[in-house]
Amino acid sequence: MSFFEKCTRIVVKVGSSTLTHSSGRLNLRRIESLAKTLSDLKNSGKEIVLVSSGAVSAGIAKAGLGHRPESLEEKQAMASIGQSELMKIYDRFFSDYGHKIGQILMTRDVVDNPIRRTAAENTFNTLLRMGCIPIVNENDAVSTDELVKFGGNDILSAHVANLCHADVLINLSDIDGLFDSDPRKNPEAKLIERVENIDAILSFAGGAGTDRGTGGMEAKLTAAKMVTANGIPMFIMNGADPEILYRLLDGEHVGTYFVAAK
């Protein structure tokens, strides 16, 4: 508990599979619960940065596309339509709980270019100083694998945590944490509660857990390696009920804890 008492700046990442129903449409009840919980944590004195997926799913619903886009052009179009819809939903829920939000859309060159990286750091710090909750997503409407793509919001969240000099990164997933085998296939799979050597457990990584997610455990482990190397611990836990954050910050051991390098 003493660790989280000292934590001021918290980056929370939430993926598409956590934010959507099995239909692919946004899970509004869960998004509202997330906004309420994060608002309450901010009321307690924490600085919150939210890295949120969900733009493509919101775009599909808004445009009435009826299917998951397959071409890059369709995905980018759905992200363009959905990002504004997603932010409108977040703005409504966070406003209900008394907090302002700010949108930051990032591409890989932001962290690769020293001048743009400094500009991003300054924007994060200014928003937090103004009492805003920055909501970050990859700029999927213009990102491409060949040019400026991060490769998913797990990796983006690690860059954001490093940019913000966060005290901790919390990854809300559709799984309880890192297991020694795939719990969807093996009911005997055991949760790994603490990881100090990420390289030793890379064999446990797998692909995306649902067809609505773009990342997977491999991307999460890469993110964990990126932040722990900079002295930032990371947690992976199930975001089906966002109020699980209270349990973690109250000192209960939840999910998988990746220990920061000394």
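These questions and answers walk through one predicted protein model.

Reader: What is the mean pLDDT of the protein?
Author: This is a predicted model, where local features need pLDDT of at least 70, side-chain atom pairs count only at pLDDT 80 or more, and totals for chains, interfaces and linings use all residues. Residues are numbered from 1 along each chain as its sequence is written, and side-chain values use heavy atoms, with hydrogens and water left out. pLDDT is the predictor's confidence in each residue, from 0 to 100. In this protein 92% of the residues reach 70 or more, and the mean pLDDT is 89.

Reader: At what angle do the axes of helix α4 and helix α5 cross?
Author: Helices (H or I, at least four residues) and strands (E, at least two) are DSSP runs, numbered from the N terminus. Axes are lines fitted to C-alpha atoms, for helices over the stretch in contact, and angles run from 0 to 180 degrees between N-to-C directions. The axes of α4 (residues 55–63) and α5 (residues 72–96) come within 6 Å. They cross at roughly 95°.

Reader: Why is that angle called roughly perpendicular?
Author: Angles under 35 degrees count as roughly parallel, over 145 as roughly antiparallel, 65 to 115 as roughly perpendicular and the rest as oblique. The α4 and α5 axes cross at roughly 95°. So α4 is roughly perpendicular to α5.

Reader: Which strands stand at the edges of the open sheet?
Author: The open sheet has eight strands in the order β3-β4-β2-β1-β5-β7-β8-β6, with mixed pairing. Two strands pair if DSSP finds at least two bridges between them. Each edge strand has a single partner strand, so one side of each is left without a neighbour in the sheet. The edge strands are β3 (101–106) and β6 (194–195).

Reader: What is the bridge partner of leucine 50 in β4?
Author: Two bridges join β2 (residues 47–52) to β4 (residues 133–138), and these strands run parallel. For valine 51, the partner in β4 is valine 136. For leucine 50, the partner is isoleucine 135.

Reader: Is alanine 158 buried or exposed?
Author: Alanine 158 is in helix α8 (residues 153–164). Leaving aside neighbours within four places in sequence, alanine 158 is in contact with Leu169, Ala223, Met226 and Val227. With a relative accessible area of 0%, alanine 158 is buried.

Reader: What is the phi of histidine 165?
Author: Histidine 165 is in the loop between α8 and β5 (168–173). At 56% relative accessibility, histidine 165 counts as exposed. Most residues other than glycine have a negative phi. Histidine 165 is not a glycine, yet its phi is positive, about 55°.

Technical notes:
Buried means under 20% relative accessible area, exposed over 50%, partly exposed in between (1.4 Å probe, protein chains only). Contact means heavy atoms within 4.5 Å.
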